[in-house]
Amino acid sequence: MELQTLTFIVVGLTFALYIGIAIWARASTTGEFYAAGRGVHPVANGMATAADWMSAASFISMAGLIAFQGYDASLFLMGWTGGYVLLAMLLAPYLRKFGKFTVPEFIGDRYYSQTARIVAVICLIVASLTYVIGQMKGIGVAFSRFLEVDFATGLFTGMAIVFFYAVLGGMKGITYTQIAQYCVLIMAYTIPAIFISLQLTGNPIPQLGMFSSTVADGTPLLMKLDQTIVDLGFTQYTAQKTNTLNMVLYTFSLMIGTAGLPHVIIRFFTVPRVKDARSSAGWALVFISILYTTAPAVGSMAMLNLANTVQPGSVAAADGSLEYEARPQWFKNWEKTGLLKFEDKNSNGRVEYRGPKFAGTANELTVDRDIMVLANPEIAGLPNWVIALVAAGGLAAALSTAAGLLLAIASSISHDLLKGIFNPNITEKGELMAARVAMAGAIGVAGYFGLHPPGFAAQVVALAFGLAASSIFPALMMGIFNKRVNNVGAVTGMLVGLGSTLIYIFWFKGWFFVPGTAMAANTADNWFLGISPEAFGAVGAMLNFASAILVSKVTAEPPEHIQHMVEDIRTPRGAGAATDH
Amino acid sequence: MSTETTSGMAYWKANVRLISISLVIWAVCSYGFGIILRPALSGIKIGGTDLGFWFAQQGSMIVFLVLIFFYAYKMNQLDRQFDVHED
């Protein structure tokens, strides 16, 4: 069957499945809309969390990032998984015991301060909205690339699907669709990886194949890869290329940013008990790790495949590089998309892929990192249905993350702003309606930005993680672990953390990302102690902790009922009763 | 001031202790073996590269997983021991 028809069928089937789930899992109370009625099994919640967490970037771009950065990209692997340990031990169980619906609600109650709640709402909306724009873009790209439809058409189709199950089902609809989406995306990711691993190393498990010997000549895969890309003029794959302090802080920022991202935290409000919140974080990490441990294998193997394809002979030999006319079919396919670009600078009809150790003009091939996942099935010569599945997997990853973020935004608007601040007497029915309207509005705004991406779209991940790491995570953790931190301290801490991180990011990337307003070039020489703007969230968090504790020490201690509240959330018993007020 | 019971305080102390131990292991296996101590471990070879590289790209994640389930299991025990469990 024609690839495009097949892709339409596979993607269509998955969409029909999501819509079917949406009709089955409608929400009829605010408890169901915000927290799926708190009846989600911890394993099911773990799976939904994994889909919620793994975005279009995890699915499409991460393996490519690893392929081109080698060891240095380890910080993404550790950073985006290590946060779950913090969630399981420092946040999730206590916030579940607290038994409310949103993250700002905890911050507002614990610090008995509307100001704290509003600061938290602002951080949440900025972090989630910037994040969701990336997903919308991912949906449009996946559609236009695989189904060859217009970017806008693709985006609108995606929005319509999300609209359907998120507005109708809220957290309940989103949870069950995310479970289906996880199954689609993990199959789409692992099947090509298994085949590539088999071809290169004879080992069907990519995680082991990566550390095995190659079938071709028995040298270990990573050793061969190091050798191959050094010959091409790149730095060793397994070598560290950036400074250690930056790598440590960058990893730490991603970890605490992960733990502080509201759309991840609210997933743990859906399980029945405190002990389920603990184990559910473990299950989430099981399902995430299946993809995250496969990604470095895909990255290294795809890189080796690419290098071997374009450089079948020795680099020194005149006929060592691939003859352009003899290039394989997948090469031709991806040239059409612009992700693979060849320019025959020396007109010898050969594809010369060269790294920075050669003269700047030596390289003739430009490779987009996304190709490492997208073209993987074709490079491995897998049947068309696997390629169609990869398209459906990329869409599932983008849709599931978008829906989770949109729910976090919608619930903080309807629950924190409308009910919490403007109209505390709103009826349950009224609030449910408001939540649906907020959800629809959020989808509209996200769609608008997806269509007209602001210039800073590429910077948003740094911003989202920076905000979550420097403001939300410390406020939550101190709220649970330090009874002495009071309202003034918490608000000061959040503003200091947020302010310092934003200023540092804007300093090097331009004020509000407006081009040309950066105070210094964004290069390692200018960075404070070599800390990149992406890694600064960790420093912002330290400043937050320090200033909050200091200010709290010199101001009045929190009232007694707040201290009781903290004691109460520290023990699991009574979580069921503290639910749905 | 606080009216927290002695048993409640002991439960929380035991929890914080367990978290501290877990997070030390968490940090040593990721920031330690994966990044800072990698040069010191470079003598230990595994599958064509060094142990630090394995920890950075595979091992740390496996350790994280084990830690969470270990913590969840130990906490269930503590919950019962201090009689603060649910159900």
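Colleague: Is Ser289(A) buried or exposed, and what is its relative accessible area?

Modeller: Ser289(A) has a relative accessible area of 5%, so it is buried. The cut-offs are under 20% for buried and over 50% for exposed, with partly exposed in between (1.4 Å probe, protein chains only). This is a predicted model, in which local features need pLDDT of at least 70 and side-chain atom pairs need 80 or more, while totals for chains, interfaces and linings use all residues. Residues are numbered from 1 along each chain as its sequence is written, chains are lettered from A and ligands numbered from 1 in the order written, and side-chain values use heavy atoms, without hydrogens or water.

Colleague: Where is Ser289(A) placed, and which residues does it touch?

Modeller: Ser289(A) belongs to helix 13 of chain A. Helices here are DSSP runs (H or I, at least four residues), numbered from the N terminus. Leaving aside residues up to four places away in sequence, Ser289(A) touches Thr294(A), and from chain B it touches Met61(B) and Leu65(B). Contact means heavy atoms within 4.5 Å.

Colleague: How many residues does each chain give to the contact between chain A and chain B?

Modeller: Chain A gives 58 residues and chain B gives 44. The area buried between the two chains is about 4500 Å², and carbon and sulfur atoms give 67% of that area. Buried area is the accessible area (1.4 Å probe) that two parts lose on being put together, summed over both.

Colleague: How many salt bridges are there between chain B and chain A?

Modeller: A salt bridge puts a side-chain nitrogen of Lys or Arg within 4 Å of a carboxyl oxygen of Asp or Glu. Between chain B and chain A the count is 2. Asp83(B) forms a salt bridge with Arg573(A), and their closest N and O atoms are 3.0 Å apart. On the side of chain B that touches chain A, the elements giving two or more residues are helix 1 (6–36) and helix 3 of chain B. Helix 3 of chain B gives the most, with 17 residues.

Colleague: What is the salt bridge count over all chains?

Modeller: The count over all chains is 13. Glu32(A) and Lys172(A) meet through their side chains at 3.7 Å, N to O. This pair links distant parts of the chain, 140 residues apart: Glu32(A) is in helix 2 (residues 30–35) and Lys172(A) in helix 8 (residues 151–201) of chain A.

In another salt bridge, the closest N and O atoms of Asp416(A) and Arg117(A) are 2.7 Å apart. Asp416(A) is in helix 17 and Arg117(A) in helix 7 (residues 114–147) of chain A, so the pair ties together parts that are 299 residues apart in sequence. Both Asp416(A) and Arg117(A) are buried.

Colleague: Which elements of chain A hold Lys419(A) and Glu431(A)?

Modeller: The side chains of these residues, Lys419(A) and Glu431(A), meet in a salt bridge at 3.8 Å, N to O. Lys419(A) lies in helix 17 of chain A and Glu431(A) in helix 18, so the pair ties together parts 12 residues apart in sequence. Lys419(A) is partly exposed at 26% relative accessibility, whereas Glu431(A) is buried at 3%.

The loop between helix 17 (384–422) and helix 18 (428–451) of chain A holds Ile426(A). With a relative accessible area of 17%, Ile426(A) is buried. Not counting residues up to four places away in sequence, Ile426(A) touches Leu418(A), Lys419(A) and Glu431(A).

Colleague: How many aromatic pairs are found over all chains?

Modeller: The search finds 34. Rings of Phe, Tyr and Trp (its six-membered ring) pair if their centres lie within 6.5 Å; planes under 30 degrees apart count as stacked, over 60 as edge-to-face and the rest as tilted. Trp283(A) and Phe69(B) have ring centres 5.4 Å apart and planes at 75°, so the pair is edge-to-face. Trp283(A) lies in helix 13 (residues 274–310) of chain A and Phe69(B) in helix 3 (residues 51–81) of chain B, so the pair joins two chains. Trp283(A) is partly exposed at 31% relative accessibility, and Phe69(B) is partly exposed at 28%.

Colleague: How many residues of helix 6 of chain A are buried?

Modeller: In helix 6 (residues 103–110) of chain A, 7 of the 8 residues are buried, so the helix is largely enclosed by the rest of the structure. The buried residues include Phe106(A), Ile107(A) and Arg110(A).
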